[in-house]
Amino acid sequence: MRINTFFYSVGQGLKNIFRNGMFSLASIATMSACIFMFGVFYILIANVNMAVQNVEQGVAITVFFEAGLEESRIKEIGEDIEKRTEVKEIVFISAEEAWDSFKDVYFEGNEDYAEGFTENPLEDFANYEVYLKDVSQQTGLVTYIQNIEGVREVKQSQAVADTLTEFNKILSLVSSGIILILLCVAVFLINNTVAVGISVRKEEIAIMKLIGATDFLVRFPFIVEGIIIGAAGAAIPLGLLFVLYDKIVLYVAEKFSLVGSMMDFVQPQVLFRGLAPVALILGVGIGLFGSMWTIRKHLKV
Amino acid sequence: MIKLEHVSKSYSAGIPALNDVNLEIEDGEFVFIVGSSGSGKSTLIKLLLKELEPTEGSIVINGKNLRKIRRRHIPKFRRNIGVVFQDFRLLKDRNVYENIAFAQKVIGQPTKNIKKKVPAMLSMVGLAAKYRSYPKELSGGEQQRVAIARALVNEPSILLADEPTGNLDSNNAWDIMKLLEEIHEHGTTVIVVTHNLDIVKVMKKRVITIQKGVVVSDSKQGDSSYED
């Protein structure tokens, strides 16, 4: 395609948008609403994910051994666990360390009481603390460790992480459903806008075909129209979300200091580095898909 | 050269719009095609533009069998045929210059060429002074001149005019016919579909008469068996 033909087609695409001003505006507004909702859910999920990660970092499996198990066997068990791909870190807590830690928590201020124990009451409580890369894999790992010879008991604490993971799953499902419906509406509206454009330019298209315009040249302005509507429909909510996100984070941090201190918000730069390209690709993709679908349906060249 | 051999076209099971038409039109000829409404003239134009496929027979234009032209090559084929319609079919939102330039733009001509060719075409049709006017500001005759300029700007070897004087008064009709004759004198093959037998008789060109889809006469001197 020649460069002037390209610019001609882009110009025609832009003209189409202004010719069907109201339809174009409705399409851009719907697309903006879709991408805005998508952005809101993306932000929510990103922040919940971050919270899950924070909680997961504190979640560990505790592995206790059979009484009198040899040190070499305990070491072997540790090595076996460490080899597992889902394990991020493994820490050995000796019986002495376990007792010291217990004393620190339960005899704080009454250290004299602990003096009464001549022997380590937690003699058989040497253990491994196993930290996972992804807390959702905890059950599988626990089953594996339980079956290792020499392991007496495995304790897990995953309630909080499980709840958050579950919440994130539901959030992802609900948001996917809502976004899908909105995207269908957006495709439908772009479809209508382009169809109106085709109908308005029916005579021009007929003349173009008789003069000898290629199919591509007849179709390209409508594709440009769809892409521009999609891109505008993505850029507007992105700008809006960027401004609002900063303000909301600041507001929550100031007004709800408890929530602010409990939760770390994802930095806007980090968040938008992921969100912006996804939203733009989504917007342009829907615009492209919507216009191509309409052309296929209404524009017989 | 345009050659039709045993061309028939049926839209449905009824009477064919064209029935076993055999025609030869040499390069640089001026031909009138006459016939009553529904005689098959418009079908013939559509077949020549490859807007329709014949049910039977073959059409060869400038050595190319239309049946064998692939879909993607149709635009290139059509660039060699200019078309003018009774209702002008100008773009109302564009001025005279833009309407003619449009034909060049859609075939990807560079702006430099467009700037040379369009004023030349405007001078040829006598509308150089009105290049900024919009179609609604022009008379019927002037609008048809713009349509002719648009049809010729890409230098086709064939000009098809479908009832070019149908919406014009007698004076304007004669002006348009004079313009078409000038174009013919420059070597373009001109095919005019018309009802206007006065013009046909005076111009003394070849006349092909079609009735009920059949070529009933083909006269070299402006005679026609058709009566309007």
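**View 1. Arg84(A) and Glu86(A) pair up in a salt bridge.** In this predicted model, the closest N and O atoms of the two residues sit 3.0 Å apart. Arg84(A) is partly exposed, at 27% relative accessibility, while Glu86(A) is buried, at 9%. The whole structure, searched over all chains, holds 14 salt bridges.

**View 2. Asp218(B) reaches Arg206(B) within chain B.** Here the closest N and O atoms come to 2.7 Å. The pair ties together distant parts of the chain, with Asp218(B) in strand S10 (residues 214–219) and Arg206(B) in strand S9 (residues 206–211), 12 residues apart. Asp218(B) is partly exposed at 38% relative accessibility, whereas Arg206(B) is buried at 6%.

**View 3. Glu203(A) meets Arg89(B) across the chains.** Their side chains form a salt bridge of 3.6 Å, N to O. Glu203(A) belongs to helix H8 (residues 202–211) of chain A, and Arg89(B) lies in the loop between S6 and H3 of chain B. Both ends are partly exposed: Glu203(A) has 35% relative accessibility and Arg89(B) has 23%.

**View 4. Here's where chain B and chain A touch.** Chain B puts in 23 residues and chain A 21. Together they bury about 1800 Å², 55% of it on carbon and sulfur atoms. Three salt bridges span the interface, one of them between Asp215(A) and Arg71(B) at 2.9 Å, N to O. On the chain B side, helix H3 gives the most, with three residues. That side divides into 10 nonpolar, four polar and nine charged residues.

Key:
Residues are numbered from 1 along each chain as its sequence is written. Chains are lettered from A and ligands numbered from 1 in the order in which they are written. This is a predicted model: local features need pLDDT of at least 70, side-chain atom pairs count only at pLDDT 80 or more; totals for chains, interfaces and linings use all residues. Side-chain values use heavy atoms; hydrogens and water are left out. Contact means heavy atoms within 4.5 Å. Buried area is the accessible area (1.4 Å probe) that two parts lose on being put together, summed over both. A salt bridge is a side-chain nitrogen of Lys or Arg within 4 Å of a carboxyl oxygen of Asp or Glu. Helices (H or I, at least four residues) and strands (E, at least two) are DSSP runs, numbered from the N terminus. Ala, Val, Leu, Ile, Met, Phe, Trp, Tyr, Cys and Pro count as nonpolar, Asp, Glu, Lys and Arg as charged, and the others, Gly among them, as polar. Buried means under 20% relative accessible area, exposed over 50%, partly exposed in between (1.4 Å probe, protein chains only).
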